[in-house]
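Subject: Structure handover

Hi there,

Here is the structure I promised to pass on. Please have a look at it first, and then read my notes below.

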Amino acid sequence: MGRPGLNRRQILAGLSGLTVAGSLGFAALGTGADALASGADTRVRYWNLFSGGDGYNMIAMLDAFRKANPGIDVKDSTLQWGSPFYTKLAMAAAGSRAPDLGVMHLGRVPGFSPGRLLDPWDAGLLAKYGVREADFNPELWKRAVIDGTLYALPLDIHVQLCFYRKDVLKKAGLLGDDGRIVPVTSVDEWFDVLKEAKKATRKGLQTIGMWSSDQNFQWWFFVAFYTQLGGTWFDDANGEVTFDTDKATQVLEFLRRHITDGYVDPGFAGGAGAEQFVNGGPFVWEGNWSVPVFDSAKLDYGATPLPPVFGRPATHAESHSFVLPHQSDRGGAANEAAHQLAAHIVRHAQQWAGGGHIPAYTPTLSTDAYEKLNPQSEYVSAMDHQATEPKVWFAGSTGILAQRVGPVVVSSTMGSAKPDTAARRMRSTLTELLAMKNPMDGQTAAQGGAVA
Amino acid sequence: MTATSAQTVIAPTRARTAAAGATVRRRQGFQHGAWFVAPFLVLFALFVIWPLLRGLYLSFTDANISGDATSFIGLDNYREALDDPLVWESLGHSAYFTLLVVPCITVLAFLLAMLAHHIERVTWLWRLCFFAPFLLPSTVAANLWQWLFNPGTGMINHVFGIETAWLTDKSYAMLAVVVCTLWWTVGFSFLLYLAALQGIPAHLYEAAKLDGANAWHRMVHITLPMLRNITGLVVALQILASLQVFDQAVVMMDFLPGPEGSTRTFVQYTLEEGFTSYRVGYASAISIIFFVIIAAVALARMWLLRNREEGGR
């Protein structure tokens, strides 16, 4: 019984070998345990970008689906919203590691290389699970169709809203008999409303929060009011810029006036607008996703689409939609389960509406449960007058268009550029972008891509 | 005679044997050394040299993020970059940041090191306080300062009784990033200075004191000259690090380029072009341009230092 014939090196080598083997073993055990625990035959990998209240709602909807479909295991991953999400999704689709189902903003779909990074939906499978074109707002459906093929299944529209505090507006005499804000149909009327509201506002609070220095929000507001003026972006062939600098100047002057007339405090830019609103500020322009925030703050408030100050109602709208990221071998049970899952969530969007979004599946909108939702039912009309970005490859939520033009709108609103100068800069940026080639297919907007 | 001649024969043979032995040992030493540096060389080649060469190739193409449908377009990307106002604007922002950060951090690190060096009670606490922020991940530091700079509820405005929109006003946004960076990264330079201060021989100060030098004289004639090399190092490292500023600015501005694009740095613009606009070829071209600029700064620094050293001799 002598000492075992091992030297220090051999012992170390042995230990490291054991460590590696152990970790591989644990990894394998993890995968196995995962599969065993679900007891499912099919697995759907699903990437989304929903955090906060939207995240909770989506998880609850997924749990309901899992309960109803024990044969399908949904492996959901929530990724950071915005550019990081789209980058990961594009790289996964390009590298053949795409999930079975994903979420995208509808405006980004044309630029996401349908056919290369996105696979088309199977209308037959969707119909099998109860989803048909007739159940959707036609405008929304049209945006999801690229070159005659459906590449996105809309889940909702989310809009920019004018939230108002009923308690403050009542004091200012701005509430109608129905308990809602008095109608506003012109710029003068709107500033009269603000003037009255300001008188009833506690000191230290601004009259309206409007994300005056945020390039995304300011761009969205611009899109809304520019659409109200009937402004256009490009001609039908996407060959010419038709952007109207006079109309744009009008909109930019309107946005700027909120600061120069003292209704917006530029010191309370960004998310501080919502904080001010919760603390008693009469107005805030915010996305409908703020509904749960204001609900949980137990405010007495209402919400309408952005005021139709230029005559024609229109408010900025984007849409969360389901997409099928490109897989070279798409098909089979996982693909069918992805169709089934998307159809299930779209059809059971009542819970989603609780988060403030307007369900894209129109039968939901006429249910009693939806009509009872407040303030959702007050702004559901936004579905019928959506102001959207042009349907070109460089548009869509946090896309190149917003990144290039958004800061120009902010420069005018915040006063570092004159509205007419900013409008001209916007036009020249649009001209540059129209001439730019889509890196995904080497074509300009005029040469193809996003034609419905 | 025989013996002598034998010795004369043997001696060179021994010398030759010894020389050959040394060569063998050197070769063996080199072989051992090569094994030790091999992992580094492999990783360096894999993660630095290869991406650099690949990036250089891509910069002459119109590659997109999916890697297909790529064609060779020569110098088009470089031509476009020279005419691209955002290239110049973002380069200006990175340079502005560097101009603000480098002098501030050098002075601050020196002052903190002097303080920590001379304080005699609970010295560990001071060192920890000054160095600890450097241990935080950039996202933590940036989020922390995002809260502090919040116009409504942030501590900065509350303490000073002001209502500055630090992160949303283009006049202040970059300053806010600078302040966050100073707090977060000064610890590293502080540590370098502290080590250098501790390395100055005490007898120099004692001799100076005996000669009647006051504290100011000791500082100007002993401390500062003795710290000259470390100051050169701190400045050079800070310039290179500051030119590449990215993460804290991006996190503080919620992944946007700041008010009116005022905190969009060159690295951020490269990222936007590559991963938001999916123009990988163009992003590669501007990153190569940036590489050349950074390399030029590093070389200029080396050249200046060499000249100074030669001048000193």
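Between them, chain A and chain B of this predicted model bury about 2400 Å², and 58% of that area is on carbon and sulfur atoms. Buried area here is the accessible area (1.4 Å probe) that two parts lose on being put together, summed over both. On the contact itself, chain A brings 33 residues and chain B brings 29 residues, where contact means heavy atoms within 4.5 Å.

A few words on conventions. Residues are numbered from 1 along each chain as its sequence is written, with chains lettered from A and ligands numbered from 1 in the order in which they are written. Because the model is predicted, local features need pLDDT of at least 70 and side-chain atom pairs count only at pLDDT 80 or more, while totals for chains, interfaces and linings use all residues; side-chain values use heavy atoms, with hydrogens and water left out.

Back to the interface: 1 salt bridge crosses from chain A to chain B (a side-chain nitrogen of Lys or Arg within 4 Å of a carboxyl oxygen of Asp or Glu). R404(A) and E273(B) form this bridge, at 2.9 Å from N to O. On the side of chain A that touches chain B, helices α3 (83-94), α8 (215-228) and α17 (400-413) each supply at least two residues; helices are DSSP runs of H or I with at least four residues, strands are runs of E with at least two, and both are numbered from the N terminus.

Over all chains there are 17 salt bridges. One of them joins D119(A) and R330(A), again at 2.9 Å from N to O. D119(A) sits in strand β4 (residues 118-119) of chain A and R330(A) in the loop between β13 (320-325) and α12 (332-347), so this pair ties together parts that are 211 residues apart in sequence.

Now for chain B. The UniProt annotation "domain: ABC transmembrane type-1", from an unreviewed entry, covers residues 91-301; such annotations may be inferred rather than shown by experiment. Residues 91-301 of chain B are 74% helix and 0% strand, with the end C-alpha atoms 19 Å apart. The unreviewed UniProt entry also lists "transmembrane region" spans in chain B, including 95-116 and 226-246. Residues 95-116 of chain B are 100% helix, with end C-alpha atoms 31 Å apart, while residues 226-246 of chain B are 81% helix, with ends 33 Å apart.

Enjoy exploring!

Best wishes
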